[in-house]
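Welcome! Take a moment to look over the structure below, and then we will walk through a few of its features together.

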Amino acid sequence: MGRCPDEATSGFFNKLSFGWMNSVVRKAKTGDVDVHELPLPSEQQADVAFEAFQRNWEVAAAAGRPSLPRVLWRTFGRDLMLAGLFKLVWSICVITGAFFFVRSLLTFVNNEAPFAGNTNGWILTAFFFFDAWLLGIALQRMGYGCMTVGIRVRAALCNAVCKKCFNMATISKDMAADAVSFMASDISKIFD
């Protein structure tokens, strides 16, 4: 995977519009794109996710009894909460669109006060458009946020299990099978 310069993904508009992918999309239209040419923001790299997880695990281990859910929350909770915030915005837009705007539109169509007149119709149309636009952006950002947090958690846990297995002086076949089973099923459950 190619490294994506951090300035390409910095800024509200670039993060919102995935502007850093435009060059890849243009190139993909004209031919094949090699996997090594795909940009990946540095915060989405597996080694970055593992290092953040490892730092928080070491802090928790030094403080006493480390807890996997607490360490995962400390490492990835902020991004998950941001995705939850977008879910809240999405819910507000759905409720607003379904209740207020539909009710207002029916009042306007029936030519009842206070929504009678062409100007109010254009204002309602603008509010409908803005609500739908904000709803779409919030839904996209929520999905992207949840998916990237899940991928980063899986990458961090897979790295942690692999490094633990490689650092063990002796490992039996049963222990290796348990490690593979943990990586194959349990980490996938956490990702889901």
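Phe 130 and Trp 133 both sit in helix H6, 3 residues apart, which is about one turn of the helix. Helices here are DSSP runs (H or I, at least four residues), numbered from the N terminus. This is a predicted model, where local features need pLDDT of at least 70, side-chain atom pairs count only at pLDDT 80 or more, and totals for chains, interfaces and linings use all residues. Residues are numbered from 1 along each chain as its sequence is written, and side-chain values use heavy atoms, with hydrogens and water left out.

**The ring pair**
- The ring centres of Phe 130 and Trp 133 are 5.9 Å apart and the planes are at 35 degrees, so the pair is tilted.
- Rings of Phe, Tyr and Trp (its six-membered ring) pair if their centres lie within 6.5 Å; planes under 30 degrees apart are stacked, over 60 edge-to-face, and the rest tilted.

**The nonpolar core**
- The largest nonpolar core has 10 residues, among them Phe 53, Leu 72 and Val 153.
- Such a core is a set of buried Ala, Val, Leu, Ile, Met, Phe, Trp, Tyr and Cys residues joined through side-chain atoms within 4.5 Å, and buried means under 20% relative accessible area (1.4 Å probe, protein chains only).
- H4 (46–63), H5 (68–109) and H6 (118–167) each supply at least two of the core residues.
- H6 gives the most, with 4 residues.
- Leaving aside neighbours within four places in sequence, Leu 72 is in contact (heavy atoms within 4.5 Å) with Phe 53, Gly 77, Val 153 and Leu 157.

How values were computed
Buried < 20%, exposed > 50% of the residue type's maximum accessible area, 1.4 Å probe, protein only.
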